[in-house]
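Where do the aromatic side chains of this protein meet, and which charged groups lie over their rings? The paragraphs below go through these contacts one by one.

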Amino acid sequence: MGAVDVIYACGDDTILLTYPLPPDYISTRIVWYSVSKETKIQEWIVNVGQRFGIWGNNAHLLYCAPDHKRIWVVTYADRPFTSYAPTVVPVLAIVNEQGTRVLMDPAREWLSQWLGRDWDLVRLLKGGDREIIAAITTKWTGRWDNLEFYLVHFSPEKEIWRSQLDIRQLRAKGFRDFNFIWISQDGQKVLCQEYRGEKRLFWWDIINHQIKIITQNREFRPYWHNLSKIWLKEFFNKNLLKVE
Amino acid sequence: MSKSLHQMTSVLSLTVILAVNTFVSNSSEKLTQTLDVMKKVAEQLGIEEKDLILDAMDSHEQYGAGLGRHFDEVFLVVWNLNTGEIIYTTRKKNRYPTALTWVGRKLAYIAYDGISFSYELEPDYIHSKAIKAKVFYLIPKLIVMSI
């Protein structure tokens, strides 16, 4: 076995391994392997635009369909020149044996990040053969001080639902400076935290327009999470918080 | 404990003042204990708590697995999340782990065998020495196979 550096569980018996291939290590061999049968199930060679890995702009593997017909990834795509510089943005993509299909137009919209990490704001809502993945996206409106944010649900084929995160609504209620942290399991609520002032941690139900405050005057950062759960750790002490 | 109670009281007071629903995690006490357990694990390894990272826990939240670091050595550690008992570690085994995942009740991890220290894993070193990564499986307390 060569230089494998990503391993991912795909169900209870299958692991998925990725091998970056020379010369540029962007093309990747993906191998599904049955743990109990000790056999390789299938193998693809795909190009998602970046190598898979754990560093900076590496592509991240998000979810593997149990029928082994597709995987969901976060990869990076070029976006047009802005007043700052040409840059790459994280986008959601589906990979199958034929290739990679990006589910958003990087010139207009990309995955929102928190603390520079793109996978915190992407969540698996439904698994199985009919998966749905939710993501918080940032939409370019032509000005950096006027970005729009959306909560979007994707099926393997396309975007199936979206709702704008109208932050003016929250500001009107006194929540001024906050970050998006996480998405609820029903895909309708966004966990937010103020980074100034009262530092309230709260769920924002964007359908029913309700706010549920969890804590205040405490600061949290992600401690551990996967696609289905998150633990937050409080700065400066040992308290962990499981928000669902 | 009194501090926690004080914090909880503050939160409950806030609930009344703002007339919004407040969520208090039932699991927070257990999770705080988990962090205490991690400190215990780090102490057993003779490393600082910050140098032990929880990368994945099994679906029953019984075992944690992650990478520990001491100077240049990087090693896998698997521990009981409730007691802090170290179930398995690659420390001093001359094996450099890079990635891991739980699959069912097994832990699968990738490692370069015959390598102890991260500085040896420069690309040139790998190419010149033709180092091979392997996948190892571990059921807590027992390594069952490797491919």
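Arg200(A) is placed over the face of Phe175(A), 4.1 Å from the ring centre, where a charge counts as sitting over a ring if NZ of Lys or CZ of Arg is within 6 Å of the ring centre and within 35 degrees of the ring normal. This is a predicted model, in which local features need pLDDT of at least 70 and side-chain atom pairs count only at pLDDT 80 or more, while totals for chains, interfaces and linings use all residues. Residues are numbered from 1 along each chain as its sequence is written, chains are lettered from A and ligands numbered from 1 in the order in which they are written, and side-chain values use heavy atoms, with hydrogens and water left out.

Phe175(A) also belongs to one aromatic cluster with Phe149(A), Phe178(A), Phe180(A) and Phe202(A). Elsewhere, Arg79(A) lies over the face of Trp140(A), at 4.6 Å from the ring centre.

Rings of Phe, Tyr and Trp (its six-membered ring) pair if their centres lie within 6.5 Å, and planes under 30 degrees apart count as stacked, over 60 as edge-to-face and the rest as tilted. By this rule there are 13 aromatic pairs over all chains. Tyr223(A) and Trp231(A) are stacked because their ring centres are 6.3 Å apart and their planes stand at 5°. Tyr223(A) counts as buried at 18% relative accessibility, the term meaning under 20% relative accessible area (1.4 Å probe, protein chains only), and Trp231(A) is buried at 1%.

In chain B, Tyr63(B) and Trp102(B) form a stacked pair, 6.5 Å centre to centre with 25° between the planes, and both residues are buried.

Definitions and conventions. Buried means under 20% relative accessible area, exposed over 50%, partly exposed in between (1.4 Å probe, protein chains only).
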